[in-house]
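Here is a short briefing on one protein model. Please keep the sequence and the 3D view open while reading.

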Amino acid sequence: MTDPHNPPFRFRLRVRYGECDAQGVVFNARYADFVDIAVNEYIRTLFGDYQHLLDQDLDIQVVSLTVNWKAPATFDDVLEARIKAGRLGNTSFTLHLEFYRHGDDRFIADADITYVLIQPSAMAKTVIPDSVREQLSQGAPGVLISHAGESA
């Protein structure tokens, strides 16, 4: 995800004490939370806000989440999630995330999360509309959102 001509969407968060386990590293299950938080910011950036999808009678449901750990993250680290679209299917899509420690760019983990697009009124999957497909394909190159309170 280091293509200078097509930089990824980036989201930063700070590891809180309660997210660490007895070994002093981020507890593995917390990465699902980190993925969810980062993807929510990504969706907000692409579509204005989540309600915009709901107003179109569209919603997303997770069908798969895979996380691969490369290095530990610890209390007070600032993690940067970098997000790009992966596979865009007929009714589902995958987002690829890579987590790096801000400051030294150490690769911490990567994740692939697959969603199915549903029509909430029918509680059934639906085809991804062309407008949504285009927004997902285009992504949000170069956008940085931070909840970490870091400097620079």
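Tyr 42, Leu 46 and Phe 47 in helix α1 meet Val 132, Gln 135 and Leu 136 in helix α3; contact means heavy atoms within 4.5 Å. The residues of this α1–α3 contact divide into 5 nonpolar, 1 polar and no charged. Here Ala, Val, Leu, Ile, Met, Phe, Trp, Tyr, Cys and Pro count as nonpolar, Asp, Glu, Lys and Arg as charged, and the others, Gly among them, as polar.

The model is predicted: local features need pLDDT of at least 70, side-chain atom pairs count only at pLDDT 80 or more, and totals for chains, interfaces and linings use all residues. Residues are numbered from 1 along each chain as its sequence is written, and side-chain values use heavy atoms, with hydrogens and water left out.

**Helix packing**
- The axes of α1 (residues 30-47) and α3 (residues 130-138) come within 10 Å and cross at roughly 120°.
- That angle makes α1 oblique to α3; under 35 degrees counts as roughly parallel, over 145 as roughly antiparallel, 65 to 115 as roughly perpendicular and the rest as oblique.
- Axes are lines fitted to C-alpha atoms, for helices over the stretch in contact, and angles run from 0 to 180 degrees between N-to-C directions.
- α1 passes α3 in a right-handed crossing: the near helix is turned clockwise from the far one by less than a right angle.
- Helices (H or I, at least four residues) and strands (E, at least two) are DSSP runs, numbered from the N terminus.

**Strand pairing**
- Two strands pair if DSSP finds at least two bridges between them.
- Strand β1 (residues 9-14) pairs with strand β3 (residues 78-88) in the antiparallel sense over 6 bridges. Arg 12 has Glu 80 in β3 as its bridge partner.
- β3 also pairs with strand β4 (residues 92-101), antiparallel, over 8 bridges. Leu 79 has Arg 101 in β4 as its bridge partner.
- β3 and β4 form a hairpin, with 3 residues between them.

- How much of β5 is buried? The count is 10 of its 14 residues, so β5 is largely enclosed by the rest of the structure. Buried means under 20% relative accessible area, exposed over 50%, partly exposed in between (1.4 Å probe, protein chains only).
- β5 pairs with β2 in the antiparallel sense over 10 bridges.
- β4 and β5 are antiparallel too, over 10 bridges. Phe 99 stands opposite Ala 109 in β5.
- The β4–β5 hairpin has 4 residues between its strands, and Gly 103 in the turn has a positive phi of about 115°.
- β5 and β6 pair in the antiparallel sense over 2 bridges. Ile 118 has Lys 125 in β6 as its bridge partner.

**Thr 66**
- Thr 66 lies in strand β2 (residues 59-69). Its bridge partner in β5 is Asp 112.
- Beyond its neighbours within four places in sequence, Thr 66 is in contact with Asp 110, Ala 111 and Asp 112.
- Thr 66 counts as partly exposed because its relative accessibility is 39%.
- Thr 66 and Asp 77 are 11 residues apart in sequence and 22 Å apart in space, C-alpha to C-alpha.

- Most residues other than glycine have a negative phi.
- Asp 57 has a positive phi of about 60° although it is not a glycine. Asp 57 sits in the loop between α2 (50-55) and β2, and is partly exposed at 23%.
- Met 123 has a positive phi near 50°. Met 123 lies in the loop between β5 (106-119) and β6 (124-125), and is exposed at 60%.
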